[in-house]
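Dear colleague,

Here is the structure I promised to hand over, with the sequence alongside. Please have it open while you read the notes that follow.

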Amino acid sequence: MAECYPIFGSEDTADLFNPDELIDLFLRCSVDGICIIDMENRFIRINHMFTRIFGYNEDDVIGRKVSDLPIPVCLNGILSQVKNGKAFTNLITQRQHKDGHILDIAVSYSPLRNKNEEIIAITAIYRDITKEISMERELKRTRELYKLITENASDLIKVYSRDKTILYASPSHEKALGFLPEQLLGMHVLDVIQDEDHESLKRMAKNLYDSGEPQLLQLKLKTKDNKVFYSESTISPVYNGNMEIDSYVTVSRNITERIENDTALRNLDRLSIIGQLAAGVAHEIRNPLTSLKGFSKLLKSSNSPEKQNEYLSIMSDELDRIDMIVNEFMSLAKPQAIQFERGNLISIIDSTINVLRPQAMLDNVQVTVKYPKEDNLELLCSPNQLIQVFVNLLKNAIESMPHGGNVSIGVRKLKNKRVVIAFKDEGPGIDKEVLKYLGTPFYTTKDKGIGLGLTVSNKIVQEHNGTMKIDSQQGKGTTVKIEFECI
């Protein structure tokens, strides 16, 4: 019978345990697989977790040598070292389950000594880390895949910290911007973006923070040689374990060629409008010129100071009228750089009406406007580009009524700082089959049109974070609604 010892070394305690019972208790309660091997490399004890991990039960292994298993649970070279008193901790190895599948195992080996400090057996403790190792392998494979993608992608990929400092830049930046990736590390996001786009970026950052959704916007990036690089960038948040934004990932694409093509189309559309408006403007200028001519003759023939002052006042008014028409026409004709500034919506619409008033008068069209009570409707915009959009829409409305009619322009303030502008005519309307093609480049229903007006207009509206919608029914006219966000 085995000798009994007091638990915890207290000789006064009445609770005595058999050492074999203590070993059984330890083996049963361990969360790791444990086996004991004698000096002949034979299994003399295993616990239930050993069976659960490897599939072998006591009948399979007790009395057998470790070399009898397909892939030994203990290496002979290591066994020899343990027999000489060396211990091993957390060796990462691979072992085979009874059914043949491979396991990733962390194993520790220790010599087991008797009272005389003689090594009489070896203990091996196993922990199944197959799931953890698989996750590490998958993570490593994913990282290698992402690295392969980022290092070979033509798009510009950057990672920013929460304070907008660049943490990573893909190699594609060297070809696109002239900067080596390591030169960009530590730079602030605003250091690589043209100054005029800083406000747009700040608005986007606020939208991203409020919604938590990726944002798409166009940005002008700085190159090393100070050229402009037009990009279309998707900016996405990266969240930590607490679902807080930890960093940002941006993927930017070179759209310089597309921007240049868009600019060419806009200029083509603008020149077409100017050519078609020229006749109306010439007619409108001819009327005050005729008055000037007549009153200049009257001025010469009159000796009355009162009459002369009256004639001069009329002539001054006519000159002011000519000046206004020419200025409005020239604002439409001059090149339009895309530069956003604060613009008053009502002033922009008034300028549009002044440009097209001559054509409206020639076609016997009355233009009425209804503004909301507040007149401080300001947008962050390019005023000249919005004038181009509104001229397109108002001109289309006028031309839809060759025998005269009414065009109404309504401005209505919405919730959330939104404003909608509606252009409504009394024309014949547009067939549904035709309506779905409107806005397609070079598609037009006009004999002298070039089919770019609505295409360019819709593009400009989108760049101003707005929307455009066309409603039309045959026999009931057409309404075009544009919605913007005020500041």
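In these notes, buried means under 20% relative accessible area, exposed means over 50%, and partly exposed is in between, with a 1.4 Å probe and protein chains only. The model is a predicted one, in which local features need pLDDT of at least 70 and side-chain atom pairs count only at pLDDT 80 or more, while totals for chains, interfaces and linings use all residues. Residues are numbered from 1 along each chain as its sequence is written, and side-chain values use heavy atoms, with hydrogens and water left out.

I begin with Asp 32, which lies in the loop between α1 (19-29) and β3 (33-38); helices (H or I, at least four residues) and strands (E, at least two) are DSSP runs, numbered from the N terminus. Asp 32 counts as buried because its relative accessibility is 12%. Leaving aside neighbours within four places in sequence, Asp 32 is in contact with Asn 47, Met 49, Ile 125, Tyr 126 and Arg 127, where contact means heavy atoms within 4.5 Å.

The next element is helix α8 (residues 198-211), which has 14 residues and reaches 20 Å from its first C-alpha to its last, close to the 20 Å expected at 1.5 Å a residue; the expected span is 1.5 Å times one less than the number of residues. Its buried residues are His 198, Leu 201, Met 204 and Leu 208. They are on the same side of α8, because they cover an arc of only 120° around the axis, the arc being that of the directions from the helix axis to the C-beta atoms. These buried residues pack against β10 (215-222), β11 (228-239) and β12 (245-254), whereas the face of α8 turned away from the buried side carries the exposed residues Lys 206 and Asp 210. After α8 comes Gly 212, whose phi is positive, near 70°.

Leu 190, in the loop between α7 (181-184) and α8, is partly exposed, with a relative accessible area of 23%. Not counting residues up to four places away in sequence, Leu 190 touches His 198 and Leu 201, as well as Lys 222; of these, His 198 and Leu 201 are among the buried residues of α8. Leu 190 and Lys 164 are 26 residues apart in sequence, and their C-alpha atoms are 8.4 Å apart in space.

Finally, Leu 145 lies in helix α5 (residues 130-152) and counts as partly exposed, at 38% relative accessibility.
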